[in-house]
Amino acid sequence: MKCEVKVLRAEGYPRMPWKNGGGSTEEITRDAGAGLDGFGWRLSIADIAESGGFSSFSGYQRVITVLQGDGMTLCVDGEDTRPLLPLDPFAFSGKSQVSCTLLGGAIRDFNLIYAPQRYSARLQWLDGEQRFFSSAGTVLVFSVSELLEVVVGEKTAQLGRHDCLQLDGNTGLVEISVNAGCCVIELTTR
């Protein structure tokens, strides 16, 4: 099995302005494209300092998770969500009209945006020692721990808080083990 494994360090993530100009995002990784167009999927961290509107991403699906802070509620197309607390993911359509109300001050959130006509995606938060197998072409492991050890087949990587391991080109069934809190995202081309 031939696959490429790389570790992306949090201090190296490029910062870019939001589409609507209301804040900024640290882009962790994406499949292709530049700026805010042309990608099939993108992973990022956003800093939200005040309640307000979200950018529209028509043609995309979004999954958002609060990383730090008290949390938020979203209003999606006129409907309020449950309170979104840390490490509690929520999915919605990128074309929806979305605004957030912060529950107690600034937050950081974690975002997966993907084109469902091009990719299927599975996102799950894991805690403690876990071992699983994936046949997805791309697997992302995002650390929310101070130290996370990820074993992919014969390779071992050490991740710090908000570092990300990216495995690309998987064509078989790969075994992955983690030993602390993380988010695992599996992306498969349709």
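User: What makes β14 and β17 a pair in the antiparallel sense?

Analyst: In this predicted model, β14 and β17 are joined by 4 bridges and run antiparallel. Two strands count as paired when there are at least two bridges between them, and these strands have 4. One place to look is valine 141, which stands opposite leucine 165 in β17.

User: What is the order of the open sheet of 5 strands?

Analyst: The order is β1-β17-β14-β19-β12, with antiparallel pairing. From one strand to the next, the twist averages 15°. Within this sheet, β14 and β19 are joined by 6 bridges, and valine 141 faces valine 184 of β19.

User: Why are β1 and β12 called edge strands?

Analyst: β1 (4-8) and β12 each pair on one side only, and that is what puts them at the edges.

User: Why is β17 said to be largely enclosed by the rest of the structure?

Analyst: A residue is buried when its relative accessible area is under 20%. In β17 (residues 164-168), 5 of the 5 residues are buried, so the strand is largely enclosed. Both faces are covered: Cys164, Gln166 and Asp168 are buried on one side, and Leu165 and Leu167 on the other.

User: Which strands form the other open sheet, the one of 4 strands?

Analyst: That sheet has the order β5-β10-β7-β8, again with antiparallel pairing. Its edge strands are β5 (52-53) and β8 (79-80), each pairing on one side only. Between β7 (residues 72-76) and β8 there are 2 bridges; since at least two are needed, they count as paired. Valine 76 has glutamate 79 of β8 as its bridge partner.

User: Why are cysteine 100 and cysteine 182 called buried?

Analyst: Cysteine 100 has a relative accessible area of 4%, and cysteine 182 has one of 0%. The limit for buried is under 20%, so both qualify.

User: What makes up the largest nonpolar core?

Analyst: The largest nonpolar core has 20 residues, and those with the most contacts inside it are Ile28, Leu43, Phe110, Phe142, Cys164 and Ile185. Among the elements giving two or more residues to this core are β4 (41-48), β11 (107-114) and β19 (182-189). Beyond its neighbours within four places in sequence, leucine 43 is in contact with residues including Ile28, Phe110, Cys164 and Ile185. Apart from this core lies another, of 19 residues, among them Phe132, Val141, Val178 and Val184.

User: How confident is the predictor in the protein, and where is confidence lowest and highest?

Analyst: The average pLDDT is 93, and 96% of the residues score at least 70. Confidence is lowest in β2 (residues 15-17), with a mean of 83, and highest in β14, at 98.

Definitions and conventions
Residues are numbered from 1 along each chain as its sequence is written. This is a predicted model: local features need pLDDT of at least 70, side-chain atom pairs count only at pLDDT 80 or more; totals for chains, interfaces and linings use all residues. Side-chain values use heavy atoms; hydrogens and water are left out. Buried means under 20% relative accessible area, exposed over 50%, partly exposed in between (1.4 Å probe, protein chains only). A nonpolar core is a set of buried Ala, Val, Leu, Ile, Met, Phe, Trp, Tyr and Cys residues joined through side-chain atoms within 4.5 Å. Contact means heavy atoms within 4.5 Å. pLDDT is the predictor's confidence in each residue, from 0 to 100. Axes are lines fitted to C-alpha atoms, for helices over the stretch in contact, and angles run from 0 to 180 degrees between N-to-C directions.
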